[in-house]
Amino acid sequence: MSVRTRPDLGSLPAYVAGRTVPGAIKLASNEVPGGPLPSVRTAIADAAADVHRYPDMGVTALANRLARKYDFPVERVAVGCGSVALCQQLTQALCAPGDEVVFAWRSFEAYPIVTQIAGATSVKVPLDATHTHDLDAMLAAITPQTKLVFVCNPNNPTGTANRHEELVRFLDQVPPHVVVALDEAYREFVTDPDVPDGMEFARTRDNVVVLRTFSKAYGLAGLRVGYLVGPAELAEVVRKVYIPFSVNSLAQIAALASLDAEDEMRERCAAIVTERQRVADELLALGYEVPETHANFVWLPLGDRALEFAEHSLANKVVVRAFAGDGVRVTISTREENDAFLQAARGFSR
Ligand code: PMP
């Protein structure tokens, strides 16, 4: 073949999406059940008439709305085609070949991918014994080459979270030229007041970036829209490496409508949080190890039996997400769907 692709991309890991299996319940992608919020669904339908037009390239209305919501100047906001796109834009904005990106492992599987695409090097720091970010070890992993540290709080796929005091201690010690990206994709499911709202840190520190998404609590995963708040100079470069028009017009309208429906969203999250506790309690009663979760999923650290568990669950018509040799992540859904999963978990012989 005469085409020469970048040799360093030969080893690029593939992003593995949660599977959809006809006839089976999907608890594999941390989606919320029930579709978009009712008022948002109407707004999307109304907006369909205008899809022959290009979307607003600057995502102006949504960026302004987010800036007002969190009380930041709009220059500090960037909107992206899902927060995964913003992870990639952020890495591109900060890193060149030879630079290092530090993150916990296991954590969100896009971090090593976006790092490698930027030509930079991943530095993976093992989670601690409670499946939580080991912030001291992450601090120790920072070198003069480090440009970016991802802290996923709560962490995907373990659901664990770092507390206010330890994050302050960590941020106080990170060198000022290193950017800390607090990935808060699951923030809306946090109920523990000791798990900090990253916006507080973005407000007071000029090397902190917060990433959020409309994919999870707001139920817009299929439309692809997320946002970032960070230092203005960095947000500007993140916007520059944006693929033109990649936040489509329906996504922009739906995200705006979602921000008008916060009460509906909060009600939904509360129901998921109640179910989360019920599922975790039942799993614990069955003898499973279940780390404390702050997100809309639970983690079962099953080690070598992770794949086997996922196959057993699929045979019971429930799709979960297995990470080979490590564990299984199960999305919290409606009571009925969670019961189907619990039934499968009950039947797994250990
Ligand atoms: N961050 C984390 C921790 C995630 O789990 C996800 C979704 N799996 C994302 C970011 C990206 O979400 P999206 O691109 O749908 O906004």
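Modeller: The questions below take up the domains, the helix pairs, the backbone and the ligand in turn.

Biologist: What kind of model is this, and how is the chain divided into domains?

Modeller: The model is predicted. The domain assignment gives domain 1 as 7-30 + 263-346 and domain 2 as 38-259. The C-alpha centres of domain 1 and domain 2 are 23 Å apart, and their contact draws on 24 residues from domain 1 and 28 residues from domain 2.

Biologist: Why are α1 and α9 called roughly antiparallel?

Modeller: The axes of helix α1 (residues 38-47) and helix α9 (residues 249-259) cross at roughly 150 degrees and come within 9 Å. Angles over 145 degrees count as roughly antiparallel, and α1 and α9 are therefore given that description. Their crossing is right-handed.

Biologist: Which residues of α1 and α9 meet, and of what classes are they?

Modeller: From α1 come Ser 39, Val 40, Ala 43, Ile 44 and Ala 47, and from α9 come Ser 249, Leu 250, Ile 253, Ala 254, Ala 257 and Ser 258. The contact of α1 with α9 has eight nonpolar residues, three polar residues and no charged ones.

Biologist: What makes up the contact of α2 with α9?

Modeller: Ala 61, Leu 62, Arg 65 and Lys 69 of α2 make it together with Gln 252, Ala 255, Leu 256 and Leu 259 of α9. By class there are five nonpolar, one polar and two charged residues in this contact.

Biologist: How do you know that α10 and α12 are roughly parallel?

Modeller: The axes of α10 and helix α12 (residues 335-346) come within 11 Å and cross at roughly 10 degrees. The limit for roughly parallel is an angle under 35 degrees, and α10 and α12 therefore qualify. The handedness of their crossing is right-handed.

Biologist: Which residues join α10 to α12?

Modeller: Glu 275, Val 279, Glu 282 and Leu 283 in α10 meet Arg 335, Asn 338, Leu 342 and Ala 345 in α12. Four of the residues in the contact of α10 with α12 are nonpolar, one is polar and three are charged.

Biologist: Which peptide bond into Pro 154 is described as cis, and where does Pro 154 lie?

Modeller: The bond from Asn 153 to Pro 154 is cis, with omega near -5 degrees. Pro 154 is placed in the loop between β5 (146-152) and α6 (164-173). The bond from Asn 156 to Pro 157 is also cis, with omega near 15 degrees, and Pro 157 lies in the loop between β5 and α6.

Biologist: What makes Asn 30 worth a remark?

Modeller: Asn 30 is not a glycine, yet it has a positive phi of about 55 degrees. Most residues other than glycine have a negative phi, and most peptide bonds are trans. Asn 30 is located in the loop between β1 (25-26) and α1.

Biologist: Which residues come nearest to the ligand, and what classes make up the shell around it?

Modeller: Of the 13 residues around the ligand, Gly 82, Val 84, Ala 185, Thr 213 and Ser 215 come nearest. The shell around the ligand has five nonpolar, seven polar and one charged residues.

Conventions
Residues are numbered from 1 along each chain as its sequence is written. This is a predicted model: local features need pLDDT of at least 70, side-chain atom pairs count only at pLDDT 80 or more; totals for chains, interfaces and linings use all residues. Axes are lines fitted to C-alpha atoms, for helices over the stretch in contact, and angles run from 0 to 180 degrees between N-to-C directions. Helices (H or I, at least four residues) and strands (E, at least two) are DSSP runs, numbered from the N terminus. Angles under 35 degrees count as roughly parallel, over 145 as roughly antiparallel, 65 to 115 as roughly perpendicular and the rest as oblique. A crossing is left-handed if the near helix is turned anticlockwise from the far one by less than a right angle, and right-handed if clockwise. Two residues are in contact if their C-beta atoms, placed from the backbone, lie within 7 Å. Ala, Val, Leu, Ile, Met, Phe, Trp, Tyr, Cys and Pro count as nonpolar, Asp, Glu, Lys and Arg as charged, and the others, Gly among them, as polar. Domain bounds come from an automatic or database domain assignment. A residue is near a molecule or strand if its C-beta atom, placed from the backbone, lies within 6 Å of it.
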